[in-house]
Amino acid sequence: MRVATWNVNSVLARLPRLVAWLDEAAPDVVCLQETKVATDAFPVDEVTPLGYSVAHHGEGRWNGVAVLSRVGLEDVVRGLPGDPGFPDAQTLEARTVAATCGPVRVRSVYVPNGRTLDDPHYAYKLRWLAALREAVAADASGSRPFAVMGDFNVAPTDEDVWDPAVFVDSTHVTPAERSALAVLREAGLTDLPPRIAKGPPYTYWDYRAGSFHKGMGMRIDLVYANAAMASAVSDTWIDREARKGTGPSDHAPVVVDLDL
DNA sequence: ATGCCTTTCCCAGAAAGA
């Protein structure tokens with residue numbers, strides 16, 4: 001079984017690349033982030049011919065997450081219990097959706113960016129991660145294979161950033177953000193390390209300044225698996241090919257192969 | 001110099017991304 005996560009940076013703008021990638025990589029389950037369309041505006045008709053059912057949680061211009069599955073799609077849960085919201089609890093953003101796909105359960109996440117350390121968005125990011133820990137606790141400690149995967153907007157270690165000096169006093173690398181991930185793992189989750197194919201295991205490269213070709217990347221798209229899933233992993237890899245060519249997302253997919 | 005690119009809103013330029 002193959003599961004994957006990919007921040008597509010607009011599912012409509014990425015549709016040709018997404019369909020081609022689904023056809024080629026043939027994942028059984030895919031978590032998407034930054035769909036940037038309303039819940040009922042997901043291009044379902046474009047992926048059903050490939051065998052996928054869709055659970056989408058969108059809001060329009062920003063954010064938006066989905067689970068695509070060709071092995072069943074049940075018990076869909078949109079949103080996050082205890083979501084702090086931004087800028088307030090009355091304004092909830094579409095940043096997570098969970099579903100059971102055959103033998104596994106997955107949760108697609110698009111963690112808030114944080115913007116800058118003195119921005120209210122940064123405090124929101126930390127509170128959102130704390131709420132996520134509570135939301136995944138039962139699945140993480142269960143016997144069914146489970147993973148929370150997506151764009152965490154945190155580089156877990158300095159090895160996950162091309163130049164840590166550039167990120168001094170920036171979001172994505174602070175002790176508080178990394179601690180929030182550690183607390184999340186304490187729920188019973190393991191960060192699946194991507195196999196090193198060529199160079200560092202980055203999953204994101206800024207569109208600007210030729211970052212991809214200069215190797216200026218970060219590993220911020222993560223798969224956090226519980227024990228039942230981690231023990232079944234046969235391979236974890238980053239599909240750098242998807243970041244090449246015409247009209248790519250700025251993120252590459254992370255793919256996990258399972259022997260269940 | 002605080003952009004360099006891409007996407008959305010929708011046709012002008014702002015906001016956001018990380």
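1. Start with the contacts: in chain A, 70% of those between residues at least 6 apart in sequence join residues at least 24 apart. Here two residues are in contact if their C-beta atoms, placed from the backbone, lie within 7 Å.

2. Before you go on, this is a predicted model, where local features need pLDDT of at least 70, side-chain atom pairs count only at pLDDT 80 or more, and totals for chains, interfaces and linings use all residues. Residues are numbered from 1 along each chain as its sequence is written, while chains are lettered from A and ligands numbered from 1 in the order in which they are written.

3. Chain A has six helices and 14 strands (DSSP runs numbered from the N terminus: H or I of at least four residues for helices, E of at least two for strands). With a radius of gyration of 17 Å, close to the 18 Å from the globule rule for 260 residues, chain A is as compact as a globular protein of that length. That radius is taken over C-alpha atoms, and the rule is 2.2 Å times the number of residues to the power 0.38.

4. Now burial: 43% of the 260 residues of chain A count as buried. A residue is buried if 20 or more other C-beta atoms lie within 10 Å of its own, exposed if 12 or fewer, and partly exposed in between, with C-beta atoms placed from the backbone.

5. Have a look at helix H1 (residues 15–25), whose buried residues are Leu18, Trp21 and Leu22. They cover an arc of only 100° around the axis, so they sit on the same side of H1; the arc is that of the directions from the helix axis to the C-beta atoms. Helix H2 (44–47) is included in what covers them.

6. On the face of H1 turned away from its buried side are the exposed residues Pro16, Asp23 and Glu24. Just after H1, alanine 26 takes a positive phi of about 50°.
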